[in-house]
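Have the viewer open while you read.

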Amino acid sequence: MSATGDANIGFIGLGAMGRGMAANLAKRLSGDSKIYVYDVVDGLMDDLHSEHPDTVRKSTSAKEVSEISDIIFTMVPEGSHVRDVYLSTPHGICAADISNKVLVDCSTIDIATCLAVRDYIATNFPSARFYDAPVSGGTIGADNGQLSFFLGCGENDPTLPHLQGILANMGQKIIPCGGPTLGLAAKLAHNYLGGIIFIAGSEAMNLGMRAGLDARVLANVFSAGAAQSTIMDRFNPVPGVLRDAPSSNNYVPGFKIQLHCKDFGLAIDMAKEVGSRLALGDAGLQTFKGASGDPRCKDLDSSAVYRYLGGVEDWPGRFI
């Protein structure tokens, strides 16, 4: 599916998430469209170009991407990277004339940075349109084109149909969240809840297994009862319960636990700003910080918090 016409698309940031997203765009572009990519790691651009030589073009900077492209996507790890990509001179996006262009940041960052970038663009390039559009679905969703996008605009935004057509090449659900920065607010609330479920699910699995329950039986109980959740159904943290879950492949690939820790912390910061009480916030953040610094869990998927909490991993030999 594609609704890009003959527009040129820019994509900046080809890391764990961005690479799969850009690859799906490259596969599904229509007409004479091209995708212009940039990453600080040159080899990532080479790999994507070699896979899609007719569609993907390498660029030398974020500025060059912006000069050539009609719509520009960014997907980088943190707010500091977003500031650098958009506002640095002389090589950032805003070093180019981005008048009348559409810019979509898919990173999960702090709302203050998002506002700073948006305000700079609105002041200096009033005809340009900037959107926050963080995603959910992890690297598996990025690779398979099954992401969910939380879009910082209202349902009546005139650019929304165009954005939906392009985003549909990378995801299955595009949810307008109401206005600027509300996509980020939705994503931070979402990742806070997801983090709590990973922790609570890990504890509950370990609790039942140590009481004698087969992990597969326990997973079925949770799925059938009121405690059902997509996280436990698709990303169960116990190795061997779900063949395709990161936990069954030594917790790779997936959403790195350090990044989930970062998002969890951003959610707590947002709660302080808006006056929302988080009863489990501090305990959850300390758990993710501990797991992020544990060499048994660092750089692994968020579900590795199960390992950090002392979860039973060698359970298959205990049950018939």
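Which residues does Thr 74 touch, not counting residues up to four places away in sequence? Keep that in mind for point 1, and remember throughout that this is a predicted model.

1. **Thr 74.** This residue sits in strand β4. Its contacts, setting aside residues up to four places away in sequence, are Ile 12, Val 85, Tyr 86, Ile 93, Val 104, Asp 105, Cys 106 and Ser 107. Thr 74 counts as buried because its relative accessibility is 1%, and the cut-off for buried is under 20%.

2. **Aromatic pairs, part one.** Searching the whole structure turns up 4 aromatic pairs. One of them is Phe 11 with Phe 73, a stacked pair with 6.1 Å centre to centre and 25 degrees between the planes. It links distant parts of the chain: Phe 11 belongs to strand β1 (residues 9–12) and Phe 73 to strand β4 (residues 71–74), 62 residues apart.

3. **Aromatic pairs, part two.** Phe 264 and Phe 288 make a tilted pair, 5.5 Å centre to centre with 45 degrees between the planes. Phe 264 is in helix α11 (residues 257–274) and Phe 288 is in helix α12 (residues 281–293), so this pair ties together parts that are 24 residues apart in sequence. Both Phe 264 and Phe 288 are buried. Together with Tyr 192, Phe 264 and Phe 288 form one aromatic cluster.

4. **Cysteines.** How many disulfides does a search of the whole structure find? The count is 0. For Cys 94, the closest cysteine sulfur is that of Cys 114, and at 13 Å it is too far for a bond, because a disulfide needs the two sulfur atoms within 2.5 Å. Cys 177 is in no disulfide either, and its nearest cysteine sulfur, in Cys 153, is 8.3 Å away. As for accessibility, Cys 94 is buried with a relative accessible area of 10%, whereas Cys 177, at 24%, counts as partly exposed.

5. **Lys 34.** Look for this one in the loop between α1 (18–28) and β2 (35–38). Leaving out residues up to four places away in sequence, Lys 34 touches Ala 7, Asn 8, Ile 9, Leu 29, Asp 54, Thr 55 and Arg 57.

6. **Gln 228.** Here we are in the loop between α9 (215–224) and α10 (230–234). Gln 228 counts as partly exposed, with 39% relative accessibility. Apart from neighbours within four places in sequence, Gln 228 is in contact with Phe 222, Ser 223 and Asp 233. With Asp 233 there is a side-chain to side-chain polar contact of 2.6 Å.

7. **Domains.** The chain divides into domain 1 (9–180) and domain 2 (185–309). Their centres, taken over C-alpha atoms, are separated by 28 Å. To the contact between them, domain 1 contributes 13 residues and domain 2 contributes 13 residues.

8. **What the record says.** An unreviewed UniProt entry annotates residues 8–177 as "domain: 6-phosphogluconate dehydrogenase NADP-binding". In the model that span is 39% helix and 21% strand, and its end C-alpha atoms lie 26 Å apart. The unreviewed UniProt entry also carries "domain: 3-hydroxyisobutyrate dehydrogenase-like NAD-binding" for residues 183–309. That stretch comes out as 61% helix and 0% strand, with 32 Å between the end C-alpha atoms.

Methods: Residues are numbered from 1 along each chain as its sequence is written. This is a predicted model: local features need pLDDT of at least 70, side-chain atom pairs count only at pLDDT 80 or more; totals for chains, interfaces and linings use all residues. Side-chain values use heavy atoms; hydrogens and water are left out. Buried means under 20% relative accessible area, exposed over 50%, partly exposed in between (1.4 Å probe, protein chains only). UniProt positions are given in the numbering used here, feature names are shortened, and annotations may be inferred rather than shown by experiment. Helices (H or I, at least four residues) and strands (E, at least two) are DSSP runs, numbered from the N terminus. Contact means heavy atoms within 4.5 Å. Rings of Phe, Tyr and Trp (its six-membered ring) pair if their centres lie within 6.5 Å; planes under 30 degrees apart count as stacked, over 60 as edge-to-face and the rest as tilted. A polar contact is a pair of N or O atoms within 3.5 Å; within protein, one must be able to donate a hydrogen and the other to accept it, and residues adjacent in sequence count only if both atoms are side-chain atoms. Domain bounds come from an automatic or database domain assignment.
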